[in-house]
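Trainee: Could we go through this model together, one question at a time? I would like to see how each answer is reached.

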Amino acid sequence: GVLAEAAYPVVTTTKGTIFKAYINQVPYSVNEALLLCDGNCSGGGGALQFVARRSDPIPDRNPRVLCDLRKFDASDFGIVFMADTKSTHCAAAEAPKLGVFRKAYGAAALETLALEGEASDPPGSTYEEFEGYPTIGDDGFVAFRAEWSGVARGLRLLLCDPAVCPATRPTDPAPPASTSTR
């Protein structure tokens with residue numbers, strides 16, 4: 001394919017620049033990607049690498065795949081992004097589920113941090129929608145905002161500590177004293 005458009009660059013301190021790319025002359029199923037340029041990728045010795053692309057499988061949600069790549073952030077740890085997903089392929093006739101994903105540089109697989117319709121914290125609730133941009137620190141901590149249904153319904157800030165998350169769900173660092181929406 002041919003790089004048709006590079007958009008939304010995020011520069012990291014030591015790893016390079018992550019950007020969203022649209023690629024021409026390839027099937028729709030792979031024409032959108034998040035790329036890493038680890039130097040000068042216009043002939044200056046830098047290498048261009050795919051970090052995530054449309055139709056990539058989600059290993060911890062097999063056979064679910066990434067479809068439309070959305071909001072993202074990058075750090076020296078890796079990237080975090082939101083993406084629409086579908087159960088088997090992007091052309092499937094089904095409503096997509098939005099998710100939040102993290103991928104460390106050098107990691108073979110990305111991690112699902114949250115997915116619409118799946119269980120969230122507190123117990124008895126499920127992710128209903130996500131708001132704003134996810135962010136990632138150089139230590140791999142991810143912050144994002146989500147709303148859920150069920151117990152303690154409301155829009156909350158959630159943190160995902162790479163030492164325990166996603167094995168344990170992202171948690172609210174300052175849960176409300178009541179169940180009202182913040």
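Mentor: Gladly! Helices (H or I, at least four residues) and strands (E, at least two) are DSSP runs, numbered from the N terminus. This is a predicted model, in which local features need pLDDT of at least 70 and side-chain atom pairs count only at pLDDT 80 or more, while totals for chains, interfaces and linings use all residues. Residues are numbered from 1 along each chain as its sequence is written, and side-chain values use heavy atoms, with hydrogens and water left out.

Trainee: What radius of gyration does the protein chain have?

Mentor: The radius is taken over C-alpha atoms, and the globule rule is 2.2 Å times the number of residues to the power 0.38. The C-alpha atoms fill a box of roughly 55 × 40 × 25 Å along the principal axes. For 182 residues, a compact globule would come out near 16 Å, and the chain agrees with that at 17 Å.

Trainee: Is Glu5 buried, exposed or partly exposed?

Mentor: Buried means under 20% relative accessible area, exposed over 50%, and partly exposed in between (1.4 Å probe, protein chains only). Glu5 sits in strand β1 (residues 2-11). Its relative accessible area is 42%, so Glu5 is partly exposed.

Trainee: And which residues is Glu5 in contact with, leaving aside neighbours within four places in sequence?

Mentor: Contact means heavy atoms within 4.5 Å. With those neighbours left aside, the partners of Glu5 are Lys20, Ala21 and Tyr22.

Trainee: Glu147 is another glutamate; is Glu147 buried or exposed?

Mentor: Strand β11 (residues 142-150) holds Glu147. Beyond four places in sequence, Glu147 touches Thr126, Tyr127, Glu128, Glu129, Arg153, Gly154 and Leu155. Its relative accessibility is 18%, so Glu147 counts as buried.

Trainee: Now the backbone: where is Pro63 found?

Mentor: The peptide bond from Asn62 to Pro63 is cis, with omega near 10 degrees. A cis bond also joins Cys165 to Pro166, with omega near 25 degrees, and Pro166 lies in the segment after β12 (154-160). As for Pro63, look in the loop between β4 and β5.

Trainee: Last one: Ser55 has a positive phi although it is not a glycine, so what is its value?

Mentor: Ser55 is also in the loop between β4 and β5, and at 25% relative accessibility it counts as partly exposed. Tyr8, in strand β1, likewise has a positive phi, near 55 degrees. For Ser55, phi is about 80 degrees.
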